[in-house]
Amino acid sequence: MLYYLFDYLHNMLNVPGTGVFQYITFRSALAVILSLAISTIFGKRIINFLRNQQVGETVRELGLAGQNEKAGTPTMGGLIIIIATLIPVLLLTKLDNIYIILLIVTTLWMGTIGFIDDYIKIFKKDKQGLKGIFKVIGQVGLGIIVGSVLYLHPGVTIREDGASSYTYKSNANVINTMPLEEKSTATTIPFFKNNEFDYAEILAWTGEGYQNWAWLIFIPIVIFIITAVSNGANLTDGIDGLAAGTSAISVIALGIFTFVSGNIIFSSYLNIMYIPNSGEMTVFIAAFVGALVGFLWYNSYPATVFMGDTGSLTIGGIIAVLAISVRKEMLIPLLCGIFLVENLSVILQVSYFKYSKKRFGEGRRIFLMSPLHHHYQKKGYHESKIVTRFWIVGILLAILSIVTLKLR
C-alpha cells in the first residue's frame, strides 16, 4: 500500500525522495526492519494474550531431559511470524504481482491448516490434532492452486540462459535487443553446465504436442514438494529455536536466488534463468526473515513460546513455493537438508520398526528416537548444542547451494 502511495507521489507529484520506493533493495531493507520491530515489540503482547487464553503446550512424556518444564508454554506462536510477515508485505510490495499473491495465499492457507491443528490439540484436548488425511488434503489443495497458477498465468514467464532474443528498431532507428520471454515448465538442475530441464520433456515420447500436457507432470511435482517441505518443517519443530533458525538460513539463500533471477543484469552475468517480476519476492523474503529472527527472540532456549503447527506448516509451505517460483526446487534436498534428514529419520525409523517386528517378532530401532534431533537429546546433548550445530550445518548447506550459481 505504501508502495502505491509513494509511486503516486513520485510519478504524479514529483515529490523529491519518494522514488526510492521503486528500488527492491530499499523496500527489502525496510521490510526487515519493520518485521523485526513487529515480531519483537508486539510479539510479547501476543504471547501474553496466548498465555491468558491458556493456549499452552501439552507435552507428551518422551523421557527427555527438561521436557516437563515446557508444559504450559504458550503455543500458536506462529501467529507472530504470520503477522510480522504479512504487514510489511501488504505495505511495501506490489500487490498485483502474481508471485506476491501466491505467497500471501500460501501464508494464509497453511497458517489456517496449522491453526486448526493447534486449536484441536489445545481446546479439544486431542493430542493427535487435525487428522492427517485433512492436512494432506489441505496441502494438496494448495499445491493444485500454486501449480495451476504458475502453469497458466500469463505473468509467469522465463528466459533461459542463452535463450534467443528478438530485435526491433526504435523511432530513432536504434536497433534494440529484447530477451524472448516465454511460458515454460523449465527448472534448474544444480551442478550441471547446461542446467535447464523442462518437465514437459518427460512426455516427449507421446509425440507432437506433448508440451500441452506438461501440467500432468508439473502440478503433481508442485503438490509433492509443498507437502514434503511443509511436513519436513513440521517435524523439525521439536526443540527451541531449531525450526525458526534453520528456516531463516534457507530463506536468506532463497532471497539471493530470487534477487539475481529477477534482475536481468545479474541473471545475464551469472548465465542463469531470468524470471521477470520474480525479484519482487525479495521484499516478501526480507519480511519473512525478519519475522523468523524476531520470533527467535522469544523461541530461543529456554523458549517462552512455541510456533506450533500454525508456524511450522506455514514456514514449510512458504519455502516450497519460493523455491518452485524461482525454479530452484531441485536444490531443496541440499538447501533444506535439515528438513530432509529429519523427514528421513522418521521414515527410516518407522519402516525398520515395522520390518523388524515382522521379521524378528520384535520392533527394533535405528535411532534412539526420531526425528533426529530427539536422537541426540537421548544421547545426552543439550538442546542449545543440538540447535547450534544444526544451524552450522544449515549455513554450510546454504553456502553450497548459493555456490551452485557458478559451480557447474
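Reader: How much space lies in the second largest pocket?
Author: About 340 Å³. Keep in mind that this is a predicted model.

Reader: Which residues are closest to the centre of that pocket?
Author: F224, A228, I332, P333 and L340. They belong to a lining of 17 residues.

Reader: And which helices supply at least two residues of that lining?
Author: α6 (215-236), α11 and α12 each do. The largest share is from α6, with six residues.

Reader: How do the lining residues divide by class?
Author: There are 14 nonpolar residues, two polar ones and one charged.

Reader: What lines the largest cavity?
Author: The lining is T188, I189, P190, F191, N195, F257, I272, K328, L331, T404 and L405. By class that gives seven nonpolar, three polar and one charged.

Reader: And the second largest cavity, what lines that?
Author: T246, S250, L335, C336, G337, I338, F339, G394 and L397. Two or more of the lining residues come from each of α7, α12 and α14. The largest share, three residues, is from α12.

Reader: What classes are in that lining?
Author: Five residues are nonpolar and four are polar.

Reader: Let's turn to α14. Which of the residues in α14 are buried?
Author: E383, I386, V387, F390, G394, L397, A398 and S401. Two of these, G394 and L397, also line the second largest cavity.

Reader: Where do the buried residues fall, seen down the axis of α14?
Author: Within an arc of 105°, so they line one face of the helix.

Reader: What covers the buried residues of α14?
Author: The cover includes α7 (242-261), α11 (332-335), α12 (337-360) and α13 (372-378).

Reader: How far apart are the end C-alpha atoms of α14?
Author: They are 30 Å apart. The helix has 21 residues, 383-403, and at 1.5 Å a residue it should span 30 Å, so the two values agree.

Reader: New topic, the loops. Which residues does a cis peptide bond join?
Author: Y301 and P302, with omega about -10°. P302 sits in the loop between α9 (281-299) and α10 (308-325). There is also a cis bond from S370 to P371, where omega is near 0°. P371 is in the loop between α12 and α13.

Reader: What is the phi of N271?
Author: About 60°, so to speak on the positive side, although N271 is not a glycine. N271 lies in the loop between α8 (264-270) and α9.

Reader: And R327, where is that found?
Author: In the loop between α10 and α11. R327 has a positive phi of about 60° too, and R327 is not a glycine either.

Reader: Is R327 buried or exposed?
Author: R327 is at 5% relative accessibility, and buried means under 20%, so R327 counts as buried.

Reader: What about the relative accessible area of N271?
Author: That is 37%, so N271 is partly exposed.

How values were computed
Residues numbered from 1 in each chain as written. Predicted model: local features only at pLDDT ≥ 70, side-chain atom pairs only at ≥ 80, totals over all residues. Heavy atoms only, no water. Helix = DSSP H or I, 4+ residues; strand = E, 2+ residues; numbered from the N terminus. Expected span 1.5 Å × (residues − 1). Buried < 20%, exposed > 50% of the residue type's maximum accessible area, 1.4 Å probe, protein only. Arc of directions from axis to C-beta. Contact = heavy atoms within 4.5 Å. 1 Å grid on protein atoms, 1.4 Å probe; cavity = no way out; pocket = protein on both sides within 12 Å on 5 of 7 lines; lining within 4 Å. Points joined across faces, edges and corners; volume = space filled by probe spheres on them. Nonpolar A, V, L, I, M, F, W, Y, C, P; charged D, E, K, R; others polar.
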